[in-house]
Amino acid sequence: MSKSSTERKAVEVSIEHVSKSFGTQEVIHDVSFQVCAGETFVIMGPSGAGKSVLLKSIIGLIQPTQGKIFIDHLNASVPETHREVVTSMVFQAGALFNSLSVFDNLALYPREHLLYDKDTLEDKVMTVLKALSLEQAVNKFPSELSGGMRKRVSIARSLMMEPQLLLYDEPTSELDPIMAATISELIATLNEEFNVTSIVVSHDRELAMSIGQRVALMVDGRIQALDIPSKLATMDDPVVQNFLHPVIDVQNPRFRKQDF
Amino acid sequence: MKQVLYIIEFVGNNVFLFLRSLLHIGTLHRQCGRVVEQAFFIGYTTLPIISILSIFIGAVLALQSGFTMRNTPGAQNFLGAIVGLSMCRELGPVMACFLLAGRVGSSITAELASMKVYNEVDALVTMNIPPERILVLPRLVATALVMPLLTIFSIVIGWYGGVIVVEHVDFITIDANTYWTNLKQFVRYDSVKDGLIKAELFGILVTLICCHEGLHTEGGPREIGRAVTRGVVSSMIVILFLDYFVTKVLL
Ligand SMILES: Nc1ncnc2c1ncn2[C@@H]1O[C@H](COP(=O)(O)OP(=O)(O)O)[C@@H](O)[C@H]1O
Ligand SMILES: [Mg+2]
């Protein structure tokens, strides 16, 4: 997009024996894996598995109780790392600034960091908005946007930062199948165009299998399986198969009335 | 013991928030827009209610004192001093700060708490934009700019509330002229200055406490309401508590 994005290189992320407890409840148990520079890495798993907590630990919003996370060999828990390496996160609910228009949402980061002059900034914002087909929404406020638009604005806002590491939390949840496919394609193309490392958290199996270069399945705070999509699909681990192909059996439901 | 720790934590957190916000004072010239916006917001939400409250406080003050003094010859000559000094040393500033807590503080806490709950604050942090810089500092500065104006406004309106009663109530025998002369004789520059110091101090505290409660909200939307209540109640308690000591120092 700009000269700085070609100068900036994608970074690798290394997660080493990370555990996280809230009070006495341990929600992540000794998780380790590496994400290569420029890779699109997908973390899949049922809700409550600890995926969001893991993402927030990578971006530095949550401190792991044990273990370390390194971004480009720098400790992710210290704020300086996130000034050194540009990291950004697309939050599950978008986390758009409700009091600002779409334009100002995108312009906030460059303005606060004094990145461009006024005209360049306007060009940049419009370029990014066009790339995500959001030109129509430029003067709208977040409350006036549909779910899919809000997700895209949120991605657009992250792109304005020209990140080296981009984290997505459930980018396709609550979207219709077509919009979900659009966003999935978007994540894949962005990864190529912007030379960024992407970590995508999702329970959307199609997204994971189509855009993930490697996919991890996280269950109950542990990495149950980690492999390239084609291998993961043929794994005989029953937990993996059950997640990828859940059987809807109306005759023998998982919950019965007498369970309550 | 627990309460003592809670109070220490409360004071400490607010002091830290204040200092962390002041750290960004160098960015203030780029934030004029935000300051002006907040100043207008404070002004137009509190002015109407401050006018109503002050005029009635001034009026009731004159009415009560005038009634008590009706049988003591010459006592009513001091109505000007009573209304004048009470309004500018105490009631004007403290009322203005109470209304600031109720009208502005509550909406500051609600706004920041919902930004916290819906991850907007987290988003700011991931963008390397300290929330203190763009959320707290402009509000503190706007409060500091607006409070003196609001207070003077409140004081003057209160004085006029008093004079309306003096002129129109039967058992008060003095006229407006006596009221103003007496008021001018007793209200010195220092009295007004003391009132403004109070207003400035308490006003900034209200904004600070309300910002702090908002930014420290954890959990779901339900916590937003709780945070607002906590913000307003703690600001009012702090005002009442400090008012005593500040008054003592300024006497
Ligand atoms: N701030 C928090 N305080 C306490 N528990 C939390 C907190 N955040 C998440 N949890 C718990 O951690 C577990 C994993 O949550 P999360 O990472 O959000 O799951 P998901 O995989 O669906 O994103 C859940 O059981 C949740 O209750
Ligand atoms: Mg989640």
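Modeller: A residue is called buried under 20% relative accessible area, exposed over 50%, and partly exposed in between (1.4 Å probe, protein chains only). By this rule B:Glu90 is partly exposed, with a relative accessible area of 24%. The model is predicted: local features need pLDDT of at least 70, side-chain atom pairs count only at pLDDT 80 or more, and totals for chains, interfaces and linings use all residues. Residues are numbered from 1 along each chain as its sequence is written, chains are lettered from A and ligands numbered from 1 in the order in which they are written, and side-chain values use heavy atoms, with hydrogens and water left out.

Biologist: With which residue does B:Glu90 form a salt bridge?

Modeller: Side chains of opposite charge can pair when their charged atoms come close. A salt bridge requires a side-chain nitrogen of Lys or Arg within 4 Å of a carboxyl oxygen of Asp or Glu. The partner of B:Glu90 is B:Lys198, and their closest N and O atoms are 2.7 Å apart. This pair links distant parts of the chain, 108 residues apart: B:Glu90 belongs to helix 3 (residues 79-117) of chain B and B:Lys198 to helix 7 (residues 189-215) of chain B. Helices here are DSSP runs (H or I, at least four residues) and strands likewise (E, at least two), numbered from the N terminus.

Biologist: Is B:Lys198 buried or exposed?

Modeller: B:Lys198 is buried, as its relative accessible area is 2%.

Biologist: What does a salt bridge in chain B tie together, taking B:Arg20 and B:Glu132?

Modeller: The side chains of B:Arg20 and B:Glu132 meet in a salt bridge (3.2 Å, N to O). B:Arg20 lies in helix 1 (residues 2-22) of chain B and B:Glu132 in helix 5 (residues 131-168) of chain B, so the pair ties together parts that are 112 residues apart in sequence. B:Arg20 is partly exposed at 34%, whereas B:Glu132 counts as buried at 13% relative accessibility.
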